[in-house]
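Welcome, and thanks for taking a look at this one.

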Amino acid sequence: MRAATTHNLETRLKDLHEYIREGRIIDAMREFYDDGVSMQENAHPPTVGLEANIEREKQFLKGVKEWKGFEVKSIAAGDDMTVYEAVFDFIATDGTPVHMEQVDVARWRDGKIVHERFYYDTGKTAA
């Protein structure tokens, strides 16, 4: 199996970010994630399989009333791996403003994410 070039990974990652900015998160999962993807948040056990992760994401999205912003601060790509730092804000369905700063580490194969782990502080909310 041939490794993806750094340029191709950066392009795929930027395309993924555009889907997120547009609020097309489920579409992004179908486009950019492998059927057997393993996704993990912080030290929680991973969720395995695309359909299971789509369901997990749908549950998260039920708690979002309004997206306020998604800004990528930095990215790195190479050796079939990408890393990015992002800040995003949303209003929860109970009206609480939420501010998250997150680092994402993803491993890719054939243009799709096969493993992804998110690192973030779960205690932050907007002032």
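**A first look at the sheet and its helices**

Six strands make up an open sheet of mixed pairing, in the order β2-β1-β6-β5-β4-β3. At its edges stand β2 (47–48) and β3 (64–78), each with a single partner strand, so one side of each has no neighbour in the sheet. Please keep in mind that this is a predicted model.

**How the strands pair**

- Strands of a sheet pair through backbone hydrogen bonds, and the pairing can be parallel or antiparallel.
- For a parallel example, look at strand β1 (residues 33–41) and strand β6 (residues 112–120), which are joined by five bridges.
- Across this pair, Met39 stands opposite Glu116 in β6.
- For an antiparallel example, turn to β3 and β4, with twelve bridges between them.
- Here Ser74 stands opposite Glu85 in β4.
- β3 and β4 also form a hairpin, with two residues between the strands.
- In the turn of that hairpin you will find Asp79, which has a positive phi of about 50°.

**Helices on the sheet**

- Helix α2 lies across β1, β3, β5 (97–109) and β6, and runs at about 120° to β1.
- Helix α3 (residues 50–61) packs on the sheet too, where it touches β1, β2, β3 and β4 (81–92).
- The direction of α3 makes about 50° with that of β1.

**How α1 and α2 meet**

- Two packed helices are described by the angle between their axes and by the distance between those axes.
- For helix α1 (residues 6–21) and helix α2 (residues 25–32), the angle is about 155° and the axes are 8 Å apart.
- α1 and α2 are therefore roughly antiparallel to each other.
- The crossing in which α1 passes α2 is right-handed.
- On the α1 side, the residues in contact are Arg12, Asp15, Leu16, Tyr19 and Ile20.
- Their counterparts in α2 are Ile25, Asp27, Ala28, Glu31 and Phe32.
- Sorted by class, this contact of α1 with α2 has six nonpolar residues, four charged ones and no polar ones.

**A residue to look up: His17**

- You can find His17 in helix α1.
- Is His17 buried or exposed? His17 is buried, because its relative accessible area is 3%, under the 20% cut-off.
- Leaving aside residues up to four places away in sequence, His17 touches Phe70, Val72, Ile75 and Tyr84.

Note on methods: Residues are numbered from 1 along each chain as its sequence is written. This is a predicted model: local features need pLDDT of at least 70, side-chain atom pairs count only at pLDDT 80 or more; totals for chains, interfaces and linings use all residues. Side-chain values use heavy atoms; hydrogens and water are left out. Axes are lines fitted to C-alpha atoms, for helices over the stretch in contact, and angles run from 0 to 180 degrees between N-to-C directions. Helices (H or I, at least four residues) and strands (E, at least two) are DSSP runs, numbered from the N terminus. Angles under 35 degrees count as roughly parallel, over 145 as roughly antiparallel, 65 to 115 as roughly perpendicular and the rest as oblique. A crossing is left-handed if the near helix is turned anticlockwise from the far one by less than a right angle, and right-handed if clockwise. Contact means heavy atoms within 4.5 Å. Ala, Val, Leu, Ile, Met, Phe, Trp, Tyr, Cys and Pro count as nonpolar, Asp, Glu, Lys and Arg as charged, and the others, Gly among them, as polar. Buried means under 20% relative accessible area, exposed over 50%, partly exposed in between (1.4 Å probe, protein chains only). Two strands pair if DSSP finds at least two bridges between them.
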